[in-house]
Amino acid sequence: MKNVFKIAGIALFGFVILSVYSFSAAASATKYKCMMQMVNYTGEGAYVVVSLINPKGDYEKTLYVQGDDSEWYHDLTEWWKFYGKKRSGIDAITGATIAGGERIVSVIEIDDSKINSGYSIRFETAVEDQEYYTKDVQFELTTASVKSKVEGTGFLRYVRLLPN
């Protein structure tokens, strides 16, 4: 009878350890409010793609797409080289393009292991019959930068991230 309790105790201990490990592995991403403020410009609305860039400078993941008409995605030429090859479904697409002077708040999720490990976040913008900015905003993901405001170089006036 003692052996039965001993085996049950070991099994219970193993289950608890696995449960704790599974819970901590599942809680490894943080959601951030992402505010994008556009500069005042005239013309069509801007397409914005937010991507995770690995330490080598390559695209790793599409985090967010503002603009739901896939017919124009090829105008975001650098991102299209990455996404166009895979053509996998993007679950990060939300809503129509964003016009000059407007602001939008969205939520993006970033894996916690990417913070302080050489990864960057890139915001690309394109407007029909106007410019395309590959790195309208790009910055390394650090503990400080995910709580910051970063100025844009194209259609984005600035981007601000705040932990959600």
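Glu 78 has a relative accessibility of 29%, so it counts as partly exposed. I start there because this residue belongs to one of the salt bridges, with Lys 81 as its partner and 2.9 Å between the closest N and O atoms. Keep in mind that this is a predicted model.

Lys 81 is also partly exposed, at 48% relative accessibility. Both Glu 78 and Lys 81 sit in helix H2, residues 77-86, three residues apart, which is about one turn of the helix.

How many salt bridges does a search of the whole structure find? It finds two. In the other one, the side chains of Lys 114 and Glu 60 meet, at 3.2 Å from N to O. Lys 114 is in the loop between strand E4 (103-111) and E5, while Glu 60 is in strand E3 (residues 59-66), so this pair ties together parts that are 54 residues apart in sequence. As for accessibility, Lys 114 has 14% and counts as buried, because the cut-off for buried is under 20%. Glu 60, with a relative accessible area of 30%, is partly exposed.

Next, strand E5, residues 120-127. Is E5 mostly covered or mostly open? Mostly covered: eight of its eight residues are buried. That holds on both faces, with Ser 120, Arg 122, Glu 124 and Ala 126 on one side, and Ile 121, Phe 123, Thr 125 and Val 127 on the other.

Which strands pair with E5? One is strand E2, residues 46-53, which runs antiparallel to E5 and is joined to it by eight bridges. Within that pairing, Tyr 47 has Ala 126 of E5 as its bridge partner. Another is strand E6, residues 132-140, also antiparallel, over six bridges. Here Thr 125 stands opposite Tyr 133 of E6. E5 and E6 form a hairpin with four residues between the strands, and in that hairpin Asp 129 takes a positive phi near 60°.

Last item: Asn 164. Its place is in the segment after strand E8 (156-163). Buried or exposed? Asn 164 counts as exposed, at 55% relative accessibility. Leaving out residues up to four places away in sequence, Asn 164 touches Lys 31, Tyr 32, Lys 33 and Val 107. Take Tyr 32 from that list: Asn 164 and Tyr 32 are 132 residues apart in sequence, yet their C-alpha atoms are 4.7 Å apart in space.

Key:
Residues are numbered from 1 along each chain as its sequence is written. This is a predicted model: local features need pLDDT of at least 70, side-chain atom pairs count only at pLDDT 80 or more; totals for chains, interfaces and linings use all residues. Side-chain values use heavy atoms; hydrogens and water are left out. Buried means under 20% relative accessible area, exposed over 50%, partly exposed in between (1.4 Å probe, protein chains only). Helices (H or I, at least four residues) and strands (E, at least two) are DSSP runs, numbered from the N terminus. Two strands pair if DSSP finds at least two bridges between them. Contact means heavy atoms within 4.5 Å. A salt bridge is a side-chain nitrogen of Lys or Arg within 4 Å of a carboxyl oxygen of Asp or Glu.
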